[in-house]
Amino acid sequence: MQQTLRTEQHLPILEHDFPRVDWDLLGWVCYSHRSAILKALNAPLQPATIKRRARSILPSLRMSANNTRDNIRLFLKKGIVTRVYMHKRAHARYELTDEGAKLRQLVLGAEAPLC
């Protein structure tokens, strides 16, 4: 529809650069704790560090370390994050998969508050 209108009015066609994403998964992520965790994950991090970063991004967020761990387990099942074992480190860290990076890009890049 948009293409037709723009060609009729002799306007250039707009190219949108939105990544292909599972919209059900994006809707699932748009929950305050989940989106905060997604925004905080920019490198391989432990759940406690993820919680601290998420609370620094959203100071009004009420989230415990256990809640962060529970959500990370759900992210693992959904394929949003993956475990990373660091050399000589006792505990695993978590980083975003390609799908998780796409979701993060959409959540962070939304002009209006998406999540």
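Helix 3 (residues 32–40) and helix 5 pack at an angle of about 80 degrees, and their axes are 10 Å apart. Axes here are lines fitted to C-alpha atoms, for helices over the stretch in contact, and angles run from 0 to 180 degrees between N-to-C directions. Helix 3 and helix 5 are therefore roughly perpendicular to each other. On the side of helix 3 the contact is made by His 33, Arg 34, Ile 37 and Leu 38, and on the side of helix 5 by Asn 67, Thr 68, Asn 71, Ile 72, Leu 74 and Phe 75. Contact means heavy atoms within 4.5 Å. As for the orientation classes, angles under 35 degrees count as roughly parallel, over 145 as roughly antiparallel, 65 to 115 as roughly perpendicular and the rest as oblique. Helices (H or I, at least four residues) are DSSP runs, numbered from the N terminus.

The model is predicted: local features need pLDDT of at least 70, side-chain atom pairs count only at pLDDT 80 or more, and totals for chains, interfaces and linings use all residues. Residues are numbered from 1 along each chain as its sequence is written, and side-chain values use heavy atoms, with hydrogens and water left out.

Asn 71 lies in helix 5 and, at 6% relative accessibility, counts as buried. The classes of accessibility are buried, under 20% relative accessible area, exposed, over 50%, and partly exposed in between (1.4 Å probe, protein chains only). When neighbours within four places in sequence are left aside, Asn 71 is in contact with His 33, Arg 34 and Ile 37.

Helix 4 (residues 47–57) also packs against helix 5, at an angle of about 110 degrees and with the axes 9 Å apart. Helix 4 and helix 5 are therefore roughly perpendicular to each other. Pro 47, Ile 50 and Lys 51 of helix 4 make the contact with Ala 65, Thr 68, Arg 69 and Ile 72 of helix 5. The axes of helix 3 and helix 4, in turn, come within 8 Å and cross at roughly 105 degrees. This pair is therefore roughly perpendicular as well. Its contact is made by Ala 36, Ile 37, Lys 39 and Ala 40 of helix 3 and by Ile 50, Arg 53, Ala 54 and Ile 57 of helix 4.

Which side chains meet in a salt bridge? A search of the whole structure finds one such bridge, and it joins Arg 73 and Asp 70 at 2.8 Å, N to O. The term denotes a side-chain nitrogen of Lys or Arg within 4 Å of a carboxyl oxygen of Asp or Glu. Side chains of opposite charge can pair when their charged atoms come close. Both Arg 73 and Asp 70 belong to helix 5 (residues 65–78), where they are three residues apart, about one turn of the helix. Arg 73 is partly exposed, with a relative accessible area of 46%, and Asp 70 is partly exposed at 41%.

A charge is also placed over a ring: Lys 78 lies over the face of Trp 28, at 4.8 Å from the ring centre. The criterion is that NZ of Lys or CZ of Arg is within 6 Å of the ring centre and within 35 degrees of the ring normal.

Ser 32, in helix 3, is partly exposed at 40% relative accessibility. The C-alpha atoms of Ser 32 and Met 63, 31 residues apart along the chain, are separated by 9.6 Å. Leu 108 is found in helix 6 (residues 98–109) and is partly exposed, with a relative accessible area of 45%. Leu 108 and Leu 38 are 70 residues apart in sequence and 9.1 Å apart in space, C-alpha to C-alpha. Gln 2 lies in helix 1 (residues 2–8) and is partly exposed at 41% relative accessibility. Between Gln 2 and Ile 80, 78 residues apart in sequence, the C-alpha to C-alpha distance is 32 Å.

His 10 lies in the loop between helix 1 and helix 2 (23–29) and is exposed, with a relative accessible area of 73%. Most residues other than glycine have a negative phi. Phi of His 10, in contrast, is near 60 degrees, a positive value in a residue other than glycine.

Terms used
Helix = DSSP H or I, 4+ residues; strand = E, 2+ residues; numbered from the N terminus.
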